[in-house]
Amino acid sequence: MAMAAAEIEAMIRAALPDADVTITDLAGDGDHYAAHVVSPSFQGLSRVAQHKAVYAALGGRMGGVLHALQLTTAAA
């Protein structure tokens with residue numbers, strides 16, 4: 001079962017309400033996405049910590065219903 005881009009975006013926005021989130025379906029199969037997340041809450045966090053925050057927002061779906069996510073993050 002694949003995830004819709006809108007569902008991924010909603011989950012990230014729920015956890016990081018101040019974030020600017022852009023989701024792109026890379027393969028058209030609902031399994032391979034790119035996410036660009038810019039948030040003021042990332043200020044002072046390492047890139048690894050930023051990515052962990054996004055993965056946490058996805059509630060363990062990585063590797064399951066969400067097969068691949070190319071993630072780019074930045075502090076606003």
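This is a predicted model: local features need pLDDT of at least 70, side-chain atom pairs count only at pLDDT 80 or more; totals for chains, interfaces and linings use all residues.

User: Why is Phe 42 called buried?

Analyst: Its relative accessibility is 1%. Buried means under 20%. The value falls under that cut-off, so Phe 42 counts as buried.

User: Where is Phe 42, and which residues does it touch?

Analyst: Phe 42 lies in the loop between E2 and helix H2 (47–57). Leaving out residues up to four places away in sequence, it touches Leu 16, Val 37, Gln 50, Ala 53, Val 54, Thr 73, Ala 74 and Ala 75.

User: What makes Asp 29 partly exposed?

Analyst: Its relative accessible area is 35%. Asp 29 is found in the loop between E1 and E2.

User: Which residues touch the most other members of the largest nonpolar core?

Analyst: Ile 8, Ile 12 and Val 37 do, in a core of 17 residues. Helix H1 (5–15) and strands E1 (20–25), E2 (32–39) and E3 (68–75) each give two or more residues to this core.

User: How do you know that Ile 12 is in contact with Val 54?

Analyst: Contact means heavy atoms within 4.5 Å. Val 54 is one of the contacts of Ile 12 beyond four places in sequence, so the pair has heavy atoms within that cut-off.

User: How far is Phe 42 from Ile 8?

Analyst: They are 34 residues apart in sequence and 19 Å apart in space, C-alpha to C-alpha.

Key: Residues are numbered from 1 along each chain as its sequence is written. Side-chain values use heavy atoms; hydrogens and water are left out. A nonpolar core is a set of buried Ala, Val, Leu, Ile, Met, Phe, Trp, Tyr and Cys residues joined through side-chain atoms within 4.5 Å. Buried means under 20% relative accessible area, exposed over 50%, partly exposed in between (1.4 Å probe, protein chains only). Helices (H or I, at least four residues) and strands (E, at least two) are DSSP runs, numbered from the N terminus.
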